Structure formats: C-alpha cells, structure tokens
Amino acid sequence: VREQFEDQKNKEEIVPQDQESNEEAVGKTQSSLDGLQPIQLPLDELSLSQDVPQFKSGANDEGVVESLGGTFDPTGVGPILVWERNDGRKEVISGRHRFDLAKRSGEKTILSQVFREADGFNVQDAQIIDAELNLRDEQGQVKDYVNYFKATKFSKEEANSRGLLARATGKRAYAIATDGSEELITAHRNDQITDAEAEAVAVAV
C-alpha cells in the first residue's frame with residue numbers, strides 16, 4: 001500500500017481540503033437537537049450506554065479517551081446527551097468526558113438533553129448523533145470516521161446534507177471509506193500508513 005502512495009505522490013500533487021464554515025454544515029444532526037429543552041438530571045440516575053459505546057478509539061471503561069483536568073464548571077458548558085430507555089434507564093450517549101469530570105468533581109446534577117426510546121429514538125439514531133457531533137467538533141481520529149462512513153454507507157449528498165463533509169477530517173475519511181480498498185482501510189486502521197497516504201491511494205484508484 002505504501003508503494004502505491006509513493007507512486008501516486010509522484011504523479012499528482014495532493015490538494016489540501018478546504019474548510020467550510022460550521023454554520024454551513026449544520027445538517028440533520030442539529031435539527032434533531034433543536035427543540036429539546038435541556039434539563040438538570042441527577043448524576044446518580046445516569047450510566048454509560050452499553051449499546052452506544054464511545055465512538056472514539058482508545059477509550060477506557062468510562063468512555064474517556066483523555067480525562068479532562070480541573071474541576072467541573074457548568075458555566076457555558078453544553079448539555080450532554082441522554083437516551084431514556086423504555087425500562088426507565090437513562091444512558092449517556094454523548095458528552096462522556098463531561099459526565100466523567102462532573103462525577104469526579106462531586107457534582108450532583110448535569111445539564112442534559114434527553115431522547116426517548118418511547119418516541120422512536122433507537123440504537124442507530126444514538127450511534128449516529130454521537131458520531132456526527134464528534135465529527136462536526138473535529139473530535140476523534142480519521143480512522144474512527146472511516147469506520148463510521150463504512151457502517152452508515154451514506155451517499156456523498158447525504159453526508160453533505162448532514163454537515164459531515166464540512167471539514168478536512170470528514171472529507172478525508174469519506175474518501176478513504178468510499179474509494180479505498182479493504183486492504184487499504186485495514187492498513188490505515190492498523191496505523192501502517194498515514195491519513196494523507198491512505199487518502200492519496202484511495203482517490204487514485
């Protein structure tokens with residue numbers, strides 16, 4: 001695979017991806033959040049979702065990739081996302097690092113937006129909204145998003161409409177996921193080639 005990259009690099013210049021404004025990339029994820037009034041939920045009522053594990057690679061059992069430092073300060077902090085299940089469980093599906101810091105800081109409640117399984121919000125919805133919020137905030141690695149695009153199989157038009165190709169990370173991951181071979185994607189996932197190398201090979205095929 002690396003030899004393919006070297007050949008391609010000699011043939012053409014890799015053009016940097018343009019970064020679009022976040023305002024132009026709102027997409028469908030934000031519309032799902034609009035109208036959900038944030039509320040304070042007791043931390044002891046919340047747990048991590050086993051059905052929606054941490055999207056980003058390298059997380060520990062608490063869903064944390066790199067622990068936030070300091071003490072939790074709710075001022076200006078956005079709500080975490082919670083999935084209320086049919087049996088009453090309230091599961092954190094996005095905002096795991098803030099959830100972890102709030103617990104460690106001795107907070108009793110945390111601002112949350114609640115999606116309800118009873119309203120038709122399912123596992124796939126939860127996984128998608130977690131991944132897309134991270135992507136739009138440029139959290140996670142390119143290979144995390146390659147896995148996401150492979151799983152969702154969004155068309156380019158759909159990915160654009162959801163605001164997922166607004167930034168270089170999303171564009172690069174989409175190219176690798178949709179144009180790259182399984183061999184290429186495996187090599188990239190295992191850190192045998194870089195993000196730039198994987199993208200160059202994928203678009204050259």
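A residue is called buried at under 20% relative accessible area, exposed at over 50%, and partly exposed in between (1.4 Å probe, protein chains only). Helices (H or I, at least four residues) and strands (E, at least two) are DSSP runs, numbered from the N terminus. The model is predicted, so local features need pLDDT of at least 70 and side-chain atom pairs count only at pLDDT 80 or more, while totals for chains, interfaces and linings use all residues. Residues are numbered from 1 along each chain as its sequence is written, and side-chain values use heavy atoms, with hydrogens and water left out.

Strand S4 is largely enclosed by the rest of the structure, because five of its five residues are buried. Strands are taken as paired if DSSP finds at least two bridges between them. S4 pairs with S2 in the parallel sense over three bridges, and Leu48 has Val92 in S4 as its bridge partner. With strand S3 (residues 80-84), S4 runs antiparallel, joined by four bridges; here Glu84 stands opposite Lys90. The hairpin of S3 and S4 has five residues between the strands, and Gly88 in it takes a positive phi near 95 degrees.

In helix H3 (residues 96-104), the buried residues are Arg96, His97, Phe99, Asp100, Leu101 and Ala102. Their cover includes strands S2 (46-48), S4 (90-94) and S5 (109-116) and helix H4 (123-136). Asp100 has a relative accessible area of 10%. Contact denotes heavy atoms within 4.5 Å; leaving aside neighbours within four places in sequence, Asp100 is in contact with Glu62, Val64 and Ser67. Gly106, which follows H3, has a positive phi near 80 degrees.

Helix H5 (residues 142-152) has Val142, Lys143, Asp144, Tyr145, Val146, Tyr148 and Phe149 buried. These residues pack against H4, H6 (156-161), H7 (168-179), H8 (182-189) and H9 (195-204). Just after H5, Lys153 takes a positive phi of about 55 degrees.

A salt bridge is defined as a side-chain nitrogen of Lys or Arg within 4 Å of a carboxyl oxygen of Asp or Glu. By this rule the count is 14. Glu84 is partly exposed at 23% relative accessibility, as is Arg116 at 36%. In the pair of Asp191 and Lys143, the closest N and O atoms are 3.3 Å apart. Asp191 is exposed, at 56%, whereas Lys143 is buried, at 15%. A salt-bridge network links Asp51, Arg85, Asp87, Arg89, Glu91 and Glu117.
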